Amino acid sequence: MEKKVITTRLEKIFRRIFQDEKLELNDESSAREIGDWDSLKHAMLLDRVERDFKIEFDLEDMINMK
């Protein structure tokens, strides 16, 4: 899958979870840039990414994500 396609799909997920239609992602994006990021939204985000991309994150990887 092409990087631009992945980024576009991720932006849609992020915009839905964080309720911000102007949110844009790039290679340098981080949780610090998103003011509403908390543990609940983090879990919601991971769940939605897994479902939309039909993947499953390893528990250890999820714990170590920044």
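Me: Which residues does lysine 41 touch, not counting residues up to four places away in sequence?
Reply: This is a predicted model, in which local features need pLDDT of at least 70, side-chain atom pairs count only at pLDDT 80 or more, and totals for chains, interfaces and linings use all residues. Residues are numbered from 1 along each chain as its sequence is written, and side-chain values use heavy atoms, with hydrogens and water left out. Contact means heavy atoms within 4.5 Å. By that rule, the residues touched by lysine 41 are Ile17, Phe18 and Asp36.

Me: Which side chain of opposite charge is nearest to lysine 41, and how far away is it?
Reply: Lys and Arg count as positive and Asp and Glu as negative, while His and the chain ends are not counted. A salt bridge requires a side-chain nitrogen of Lys or Arg within 4 Å of a carboxyl oxygen of Asp or Glu. Lysine 41 is buried and has no salt bridge; its nearest opposite charge is aspartate 36, at 4.1 Å.

Me: Is glutamate 11 buried or exposed?
Reply: Buried means under 20% relative accessible area, exposed over 50%, and partly exposed in between (1.4 Å probe, protein chains only). Glutamate 11 has a relative accessible area of 14%, so glutamate 11 is buried.

Me: How many residues apart in sequence are the parts that aspartate 27 and lysine 3 tie together?
Reply: Aspartate 27 and lysine 3 form a salt bridge, with their closest N and O atoms 2.8 Å apart. Aspartate 27 lies in the loop between α1 and α2, and lysine 3 in helix α1, so the pair ties together parts separated in sequence by 24 residues.

Definitions and conventions
Helices (H or I, at least four residues) and strands (E, at least two) are DSSP runs, numbered from the N terminus.
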